[in-house]
Amino acid sequence: MKLDRILKLSIIILLLSAVLWALLTNDRTPTAVSDSQWLMGTLVEMRVFGSQSAMRGAFKRIEEVDHAMSRTHPDSYIYAINASAGESWVKVDQDTFHVIQASIEYAALTQGLFEPSIGPLVELWAIGTPRASLPSAEAVEERKQLINYHDIQLDVEKRQVKLGAAGMGIDLGAIAKGYGADAAAAFLRNQGVKSAFLNLGGNVYVLGAKPDGTPWRIGIQNPEAPRGTHMAVLEVEDTSIVTSGPYERYFIEDGIRYHHILDPVSGYPAESGLASVTIVSPSSTAADALATGVFILGMEKGLELLENLDNVEGILVGDNRLVYVTSGLKGRLLSLAEGFELYE
Ligand code: ADP
Ligand code: MG
């Protein structure tokens, strides 16, 4: 081989490797930024493939939702509505109006078991606070009389809300985190983010697929094991996964466990034979509200409701560790933990 041919060949090889190297390193994957903040009474974690400012904006949206909808924060719209119960209308922001409207719809869907006007009972039981204790039967009965979502009055034109009777109170604890996730995800999308993972205290939202194009693998909480232990795994994209169960917040008195999902009919923590309900839906608002509502409805009625709804799937775990999934999730549960059995 002549020397100049060898030279030419080497130059070509060199150029080709340079091009290859450039292609391999410039894979356009945005860098990951992540952070966590204590918001909406829980730890909110985000991993965003995009800019710091996009992530900051998403956190800000959750902060706004928290500030508007907290039952206990004296500056919130919900606080103002509750303080004016039976007296006057309160003008609220769009977020709050939308969530109250949505919560009334979910109440109607769940035979009133998901109950946005559950405030007086939540206040009485105070589960999750240091003053949580078993209330008297009379007190439970008295508070129950104040609970009726039909008495939440809405003025769509003026964007105002009024509670029909004094003593009533809205509590959006079972839906606001879902809305916060939806709001944060919408903000990220608007910023051009294609991939992100949001976790609002177990209320998960995945935006797009992972940056490498593969689906996210999300663990479903094992209702009998410490937080972070999985009962199963789901591969998903662009969706929210929300689990409700009695294992998160509770107190024990005289050996009996009292948890934070209250049955508005009995006034006591819901006993429906379920260990947990996981809802999978592109709407985290729907997933949050339905996880709570279906938990109280129980296995049979819960499955029936979920099968009748579009864009909503569910995984229901019975106290007997039998796992039921709705038709859209058949064959999709991976790595089922030992002791659980899939009903098919
Ligand atoms: P978490 O927020 O702990 O993930 P949920 O979404 O199930 O769990 O919400 C539970 C919270 O919702 C309670 O702490 C309370 O504030 C409120 N809540 C309790 N019972 C009901 C009910 N029947 N309907 C609507 N909200 C409820
Ligand atoms: Mg909920």
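Biologist: Is Q160 buried or exposed?

Modeller: In this predicted model, Q160 counts as buried because its relative accessibility is 18%, and buried means under 20%.

Biologist: Where does Q160 sit, and which residues does it contact?

Modeller: Q160 belongs to strand β5. Leaving aside neighbours within four places in sequence, Q160 is in contact with W89, V90, K91, F97, Q153, L154 and D155.

Biologist: Which residue stands opposite Q160?

Modeller: That residue is K91. Strand β3 is joined to β5, residues 160–163, by 2 bridges, and the two run antiparallel.

Biologist: What is the order of the strands in that sheet?

Modeller: The order is β3-β5-β4, in an open sheet of 3 strands with antiparallel pairing. Its edge strands are β3 (90–91) and β4 (152–155), each of which pairs on one side only.

Biologist: What holds such strands together, in general?

Modeller: Strands of a sheet pair through backbone hydrogen bonds, and the pairing may be parallel or antiparallel.

Biologist: Which helix lies across β4 and β5?

Modeller: Helix α4, made of residues 94–109, lies across both strands and runs at about 130 degrees to β4.

Biologist: Which way do the residues of β7 point?

Modeller: N203, Y205 and L207 point one way from β7, while V204 and V206 point the other way. In a regular strand, the side chains alternate between the two faces of the sheet.

Biologist: In what sense do β6 and β7 pair?

Modeller: Strand β6, residues 196–200, pairs with β7 in the antiparallel sense over 5 bridges. Within this pairing, F197 has V206 as its bridge partner.

Biologist: How many residues lie between β6 and β7?

Modeller: There are 2 residues between them, and the two strands form a hairpin. In the turn, G201 has a positive phi of about 55 degrees.

Biologist: How many bridges join β7 to β10?

Modeller: There are 4 bridges, and β7 and β10 run antiparallel. On the β10 side, T239 is the bridge partner of V206, and S240 is the bridge partner of Y205.

Biologist: How many residues of β10 are buried?

Modeller: In β10, 5 of its 6 residues are buried. This strand, residues 239–244, is also joined to β13 by 5 bridges, again running antiparallel. There, V242 stands opposite I279.

Biologist: One last topic, the second largest pocket. How much space lies in it?

Modeller: About 220 Å³ of space lies in the second largest pocket.

Biologist: Which residues lie nearest its centre?

Modeller: The lining has 14 residues, of which P246, R257, L274, A275 and D319 lie nearest the centre. At least two lining residues come from each of β12 (256–259) and β13 (274–281).

Biologist: How do the lining residues of that pocket divide into nonpolar, polar and charged?

Modeller: The lining of the second largest pocket has 7 nonpolar, 3 polar and 4 charged residues.

Terms used
Residues numbered from 1 in each chain as written. Chains lettered and ligands numbered in written order. Predicted model: local features only at pLDDT ≥ 70, side-chain atom pairs only at ≥ 80, totals over all residues. Heavy atoms only, no water. Buried < 20%, exposed > 50% of the residue type's maximum accessible area, 1.4 Å probe, protein only. Pairing = 2+ DSSP bridges. 1 Å grid on protein atoms, 1.4 Å probe; cavity = no way out; pocket = protein on both sides within 12 Å on 5 of 7 lines; lining within 4 Å. Points joined across faces, edges and corners; volume = space filled by probe spheres on them. Nonpolar A, V, L, I, M, F, W, Y, C, P; charged D, E, K, R; others polar. Contact = heavy atoms within 4.5 Å. Axes fitted to C-alpha atoms, helices over the stretch in contact; angles between N-to-C directions.
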